[in-house]
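Here is a friendly walk through one protein model, meant for someone seeing it for the first time. Have a look at the sequence and the fold, then read on.

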Amino acid sequence: MYTILLVDDEPLICQGLSRLLASSGLNIHQLFIAHSGYEAMDYIRMEEVDLLITDIQMGEMSGIELMHQAKMARPSVQSIVVSAYETFQYAQLAMRLGAKDYLIKPLNGSHFLDSVRNVLLKMDKAAVTHDELIAELSGRFRIEEPDRAKTEALNRLLADPASVMADPSAERLVPLASLKGPYFAVLKMKLNIQPSQDGSRFLDKDSDFMQYAVLNAASELLGGQWNHLAFYSPDHEISIILQWDDEAYGDKSINKISQLDMIGRSLHANIRKHLSLPCVVGISQIMKGIEFIGALNEQARKAIRFHREHQDHYVFYYGDFSWNPASHEATEEELIVHHNQIVDTAKQYIHRHFGQKGLTLQEVAHQSHVSPNYLSYLFKKKTGYNLWDYVVKLRMEESRRLITSTDMRRYEIADKVGYESPEHFSKIFKKYYGISPSELKK
């Protein structure tokens, strides 16, 4: 059964779509409605939302920003965009954030339900065991060996870009025309090809099937949304070169580090869910110039190695560890001090700003100079709270204090602790305390 979240600032549209979904016969467990991006994010953070259906233009937080925030909070969430704007730029941004469809208002009811049904059907693909996957791939596919010369040249490019570009045959071996950049990042996925239960290793063919499945999953996920090259690398690794031209890199609507973070977490989540294959993802910083691809590759490899210290974490951004010079092996005491500083900085910022409407994980992470993904991991490890649960805790404690010790009205309290809508505030309060604000006041 599925949980769907409808988001539109026009109540009549939400009512119409919710009635359509309720009578569709789809296996819907819960259907939530939000009238702003801020309200929607509270549902995303608190509920197991499977599908987000959102408008584009919705006041302070657009549907594009909502999709980005939702992916950061819950990488598995799928999305459909419903918009009155038939604009290529909006559609392109939505697809880059993984939107499965972009529908134009006024909606055709049958078309809308077909779109929702198709997304839900694809989500039905459950994780499979290794043996099931090998059997399925063996029956359905003959592995098409990637162009060995191209793969070899791409790995040479990662190892030593200067020598590749000096090679007269480079233009033939590597589609350098598609590596114009000028901005690049490298992601590497280290696959954990485990021995079988009887202690023997996978057959080489099985290992090839697994790498083939991961490469295809990565290519499908990135699809036409990102300008990239994905290919095999030695030692059960998949490498991905991402690039941005000046125009794409200059777009400040979405933070690039958050984009990389989102891509890395989505790759890991999909490979674990659909292939049941453990992997670690290393993400480089972004640099300008193809000559720095070798350095970016080394950053991604080093990022993967941080899994040794954080074995319960699987997606690592090199910039989170750049405080520690490569030549210096940090002691356990230095790491503890540094991690405590990151979490303390985040807590101080949250205590000052928890009442701010639209407070985001990215904003808090920016103050701590780490990626949102790494901050979430450290915050939970150090405090025992998910970061947003901690924000909600402070908001609820303050609202309870105001209800019991002042004569402030509900809408005033809602505004003071960061909620746009008094009705939405009441829902959150009752979910948290099991009693409504008015009942507590009585």
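## Before we start

This is a predicted model, so local features need pLDDT of at least 70, side-chain atom pairs count only at pLDDT 80 or more, and totals for chains, interfaces and linings use all residues. Residues are numbered from 1 along each chain as its sequence is written, and side-chain values use heavy atoms, with hydrogens and water left out.

Helix and strand names come from DSSP runs, numbered from the N terminus: helices are H or I with at least four residues, and strands are E with at least two.

## Asp55, the annotated residue

Let's begin with Asp55, which UniProt lists in an unreviewed entry under "modified residue: 4-aspartylphosphate". UniProt positions are given in the numbering used here, feature names are shortened, and annotations may be inferred rather than shown by experiment. You'll find Asp55 in the loop between β3 (51–54) and α3 (63–73).

Is Asp55 buried or exposed? It's buried, with a relative accessible area of 5%. (Buried means under 20% relative accessible area, exposed over 50%, and partly exposed in between, using a 1.4 Å probe and protein chains only.) Leaving out residues up to four places away in sequence, Asp55 touches Val7, Asp8, Asp9, Gly63, Val82, Ser83 and Lys105, where contact means heavy atoms within 4.5 Å.

Rolling a probe the size of a water molecule over the atoms shows where empty space is left. Here a 1 Å grid is laid over the protein atoms alone: a cavity is a set of points where a 1.4 Å probe fits but cannot get out, a pocket is an open set with protein on both sides within 12 Å along at least five of seven lines, and lining residues have an atom within 4 Å of a point. Grid points are joined across faces, edges and corners, and a volume is the space filled by probe spheres set on the points. Two or more lining residues each come from α2 (37–46) and α17 (387–405), with α2 giving the largest share, 5 residues. Sorted by class, that lining has 6 nonpolar, 5 polar and 5 charged residues. (Nonpolar covers Ala, Val, Leu, Ile, Met, Phe, Trp, Tyr, Cys and Pro; charged covers Asp, Glu, Lys and Arg; the others, Gly among them, are polar.)

The second largest cavity, at about 50 Å³, brings us back to Asp55, which is one of its lining residues, together with Leu6, Val7, Asp8, Ile13, Cys14, Leu17, Ile53, Thr54 and Val82. The largest share of this lining, 3 residues, comes from α1. By class, it splits into 7 nonpolar, 1 polar and 2 charged residues.

Now for an open space: the second largest pocket has about 820 Å³. It is lined by 26 residues, and those closest to its centre are Met72, Ala73, Arg265, Ser376 and Asn386. The biggest contributor is α16, with 5 residues. The lining divides into 12 nonpolar, 8 polar and 6 charged residues.

## A covered strand

Strand β9 (residues 279–283) is mostly covered, with 5 of its 5 residues buried. Cys279, Val281 and Ile283 lie on one side, Val280 and Gly282 on the other, and all are buried.

What does β9 pair with? One partner is β6, in the antiparallel sense over 5 bridges, including the one between Lys188 and Gly282. Strand β11 (residues 315–317) runs parallel to β9 and is joined to it by 3 bridges; there, Val281 has Val315 as its bridge partner. Strands count as paired if DSSP finds at least two bridges between them.

Most residues other than glycine have a negative phi, and most peptide bonds are trans. The bond from Lys105 to Pro106 is cis, with omega near -5°, and Pro106 sits in the loop between β5 (99–104) and α5 (109–123). Another cis bond joins Gly181 and Pro182, with omega about 5°.

Asp235 has a positive phi, near 65°, and is exposed at 53% relative accessibility. His369 also has a positive phi, about 60°. It lies in the loop between α15 and α16 and is exposed at 68% relative accessibility.
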